[in-house]
Structure formats: structure tokens, C-alpha cells
Amino acid sequence: MVEREKVCVTGAGGYLGSWVVKFLLSKGYIVHGTVRDPEDDKNTHLKKLEHAEENLKLFKADLLDYDGLCIAIAGCSGVFHIACPINLIEPSVKGTLNVLDASVKAKVNKVVYASSIGAVVVNPNLSKGQVMDENCWSDIEFCKSIEQWYCVAKTLAEQEAWEYAKRSELKILTVCPSIIIGPRLQPTMNSSSLYLLRILKDGSESAENRHRALVDVRDTAESLLMLYEKPEAEGRYICSSHEIREQDLVEKLKNMYPYYNYPKSFSEGEGVSLNSEKLQNLGWKYRPLEDTLVDAVKDYEESGALAKVELAQTS
Ligand SMILES: NC(=O)c1ccc[n+]([C@@H]2O[C@H](COP(=O)([O-])OP(=O)(O)OC[C@H]3O[C@@H](n4cnc5c(N)ncnc54)[C@H](OP(=O)(O)O)[C@@H]3O)[C@@H](O)[C@H]2O)c1
């Protein structure tokens, strides 16, 4: 790494964004993080990260605020575009184009964009049981028909990013993670942390026994850094490490933590199989699922997210 290289991270205060910021700071980068409100308490964890005081600067920028993004990205040689409005198609696509325009204006060398398997797997024409790789794309009209608006937004935004790459000199890489789980740095709950928390505490009568693809948040953040740093990295990368039926995930958790309130029964469910070989061939490694679960549960217990439920049940 060039000493004191400056990079920008959009959505710095979010679940994945916070880990990316932490790892960048630990590697000596100067980080410009965009958040919508630098004064909001939900972003104070960023200021406490090691080296944050000297090397992290937070910028107020909505994805629809092109000028704000330009100020945050100015002087940076790389951008990690991680921010994403939930289920909002227009801001997601326009926001991504704003980030790319601001990156070109700042003469950025490389943009690493966090897409999603939501842009990969939702397609009725893909055969059942097919292992999906970087050539697979979600079908936008089908996603609309089943009201999967997040997948519509992620597919459109990633496709627009690739169109942009064709017509500009900007080097763009995309990463498509599966369901990201593991410990949080931020004090708030994001949707995929909630997914795991609900399995531990909701005690629902019946859950769908879906075939789930999972990846640790730290391994995902490492993949983004690796793609940024490796000059040979090109194109799109699926980032997923473990596949497991939801019922088996519950059994695993029950063995480790028998006292939580798990789903009581399961109905048949479908799911996806993904191939992360391209990322692994570049050197990406991931930790065992058990480590991720232990660290996630520790986070929920320490933050009170699980203890509160236990108390409520016993009182
Ligand atoms: N978590 C997963 O399972 C998963 C899986 C695959 C892909 N991804 C992708 O990974 C990225 C991060 O996800 P996450 O789980 O870390 O989500 P998260 O914790 O909800 O973080 C999303 C971030 O986006 C920011 N944001 C939302 N709307 C914005 C807007 N209009 N302008 C600027 N910033 C905005 C939020 O900032 P505020 O704090 O200001 O609201 C937040 O920091 C997303 O692109 C997501 O699609 C996530």
C-alpha cells in the first residue's frame, strides 16, 4: 500500500461499512467516511475505532447529494461504495451513479461496490439446484412481480454500474455477498443481524426450512479490501462461505445455546447455492460458521438484544 493512501467509504456507520472502516484504519489508510448525520449517536462507535482520531474524517452526505459526495471523495484514490437505501429503487440507482460521477471527478483509481446476491439469484429461468456464479443475474421484471424491491434496486444499481464502467475509464469491481452475519460494531440493528437474532429469540411456531447462504461480516469486509488492493482483481465476485438449511442452523445453535427461544417447527423451503471460487482463487479465506455464531451471540448478549428477551420470558 502507498503510505497514507486516502479512501472514501460510503455508508461508513452501517454494519458492513463500520468493519470496512475499521480494517482500513488498521492498515494505515486515511478514511473519509460518509454518513447522513455525523452528530447522530449511532455513529459514535466510528470515532472510537483505533486510529480514528488521526485518520478518520466523517462527511455528511446523502447518496442523492452529489455535491456532498464530491466533497467526501475529493483527494481519495479509492472508493468503497457500501451505502444503500433499503428498498428504494430510485435513490439506490441514482445514488450509485452519483458516487461513480463523483469518483470520476476526483480521479479515483478504483471503486469497490457492495452489491448483493439479491442481484444474482432471483430468476425463474435459473434451474432448481443450480450453483450460481458471477454469470447469473436476477430478473428485474420477475423481482418486481414478486415485490422483491431490494433485489430490483440492487440489480438495477449494479447493472448501471457495469454500464458506467463500459463508458468510462473508471475501474469498478462489485462484490455480491450472501446473508451477512456476525458481530456488529454499530449500536443499531441492521436487517441481516435481525435475521439471526429472530432465529434466537422469536420462538415462532413455524419457520421455512430454507437453504441459506451465509458469510461473516468480517470476511466480507476483508474481501472488499482484498479486491481493492489486488491489481489483478476484475469484474464481479460472489462472496459467500457457508450453506446450511435453516433447521440445521437452529440445531447447531441449540447445541451451543440450548436456552434460547428457537422456531418450534419447520415447513419446506427453497434456497440457493452459490459459488465463491473466483474470490477464493484470488486468496479470500473465511472463518468457520461456529466462530461467526459465537461472536454474533456474544454481541447480542453484551448489547442486551438477547438478554432483554430472556428476562421478558422468565418474568
Ligand atoms: N447485510 C447483508 O446481509 C447484506 C448482504 C448483501 C449485500 N449487502 C449490501 O451491503 C451494504 C451494507 O449493508 P448493511 O447490512 O451494512 O446495511 P446497513 O447497516 O443498513 O447500512 C446501510 C448504510 O447505508 C446508509 N444509507 C441508507 N440510505 C442512504 C442514503 N440515502 N444516503 C446515504 N447513505 C444511506 C445508511 O446510513 P444511515 O446510517 O445514515 O442510515 C447505512 O450506513 C448494502 O449495500 C447492502 O445492500 C448487505
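1. Let me start with V9, which touches G17, V20, V21, V31, G33, F80 and I82, leaving out residues up to four places away in sequence. Contact here means that the C-beta atoms of two residues, placed from the backbone, lie within 7 Å. V9 sits in strand β1 (residues 6–10), and V9 counts as buried because it has 31 C-beta neighbours inside 10 Å. The cut-offs are 20 or more other C-beta atoms within 10 Å for buried, 12 or fewer for exposed, and partly exposed in between, again with C-beta atoms placed from the backbone. V31 is 22 residues from V9 in sequence, and their C-alpha atoms are 7.1 Å apart in space.

2. A word on conventions before going on. This is a predicted model, in which local features need pLDDT of at least 70 and side-chain atom pairs count only at pLDDT 80 or more, while totals for chains, interfaces and linings use all residues. Residues are numbered from 1 along each chain as its sequence is written. Helices (H or I, at least four residues) and strands (E, at least two) are DSSP runs, numbered from the N terminus.

3. Next, helix α4 (residues 66–73), whose buried residues are L69, A72 and I73. They line one face of the helix, because seen down the axis of α4 they fall within an arc of 90°; the arc is that of the directions from the helix axis to the C-beta atoms. An α-helix has 3.6 residues a turn, so residues three or four places apart point the same way. The buried residues of α4 pack against β1, β2 (30–35), β3 (56–60), β4 (78–81) and α5. Just after α4, G75 has a positive phi of about 85°.

4. Helix α8 (residues 191–201) can be read in a similar way. S193, L196, L197, I199 and L200 are buried there. Why are they on the same side of α8? Because they cover an arc of only 155° around the axis. The face turned away from the buried side of α8 carries the exposed residues S191 and L194. Among the elements that cover the buried residues of α8 are α1 (15–26), β8 (179–181), α10 (246–256) and α12 (289–303). Just after α8, G203 takes a positive phi of about 55°.

5. β8 and strand β9 (residues 207–216) pair in the parallel sense over 3 bridges, where pairing requires at least two DSSP bridges between two strands. I179 has L214 in β9 as its bridge partner.

6. β9 has other pairings to look at. Strand β12 (residues 266–271) pairs with β9 in the parallel sense over 4 bridges, and E208 has S267 in β12 as its bridge partner. β9 is also joined by 4 bridges to strand β11 (residues 242–245), and these two run antiparallel. Here R245 in β11 is the bridge partner of H211.

7. Within β9, have a look at N209. N209 is buried, with 20 other C-beta atoms within 10 Å. Leaving aside neighbours within four places in sequence, N209 is in contact with R245, E246, Q247, F266, S267, E268 and G269. By contrast, L88 is 121 residues from N209 along the chain, and their C-alpha atoms are separated by 28 Å.

8. On to the ligand. Of the 24 residues around the ligand, G11, G14, R36, C84 and S192 come nearest; a residue counts as near if its C-beta atom, placed from the backbone, lies within 6 Å of the molecule. α1, α5 (89–105) and β8 each supply at least two residues of the shell, and the largest share, 3 residues, comes from α1. The shell divides into 13 nonpolar, 8 polar and 3 charged residues. Ala, Val, Leu, Ile, Met, Phe, Trp, Tyr, Cys and Pro count as nonpolar, Asp, Glu, Lys and Arg as charged, and the others, Gly among them, as polar.

9. Last, two backbone angles to check. Most residues other than glycine have a negative phi. H51 is not a glycine, yet has a positive phi of about 75°; H51 lies in the loop between α2 (44–47) and α3 (52–55). H51 is partly exposed, with 16 other C-beta atoms within 10 Å. K107, also not a glycine, has a positive phi of about 55° and is in the loop between α5 and β5 (110–114). K107 counts as partly exposed, with 13 C-beta neighbours inside 10 Å.
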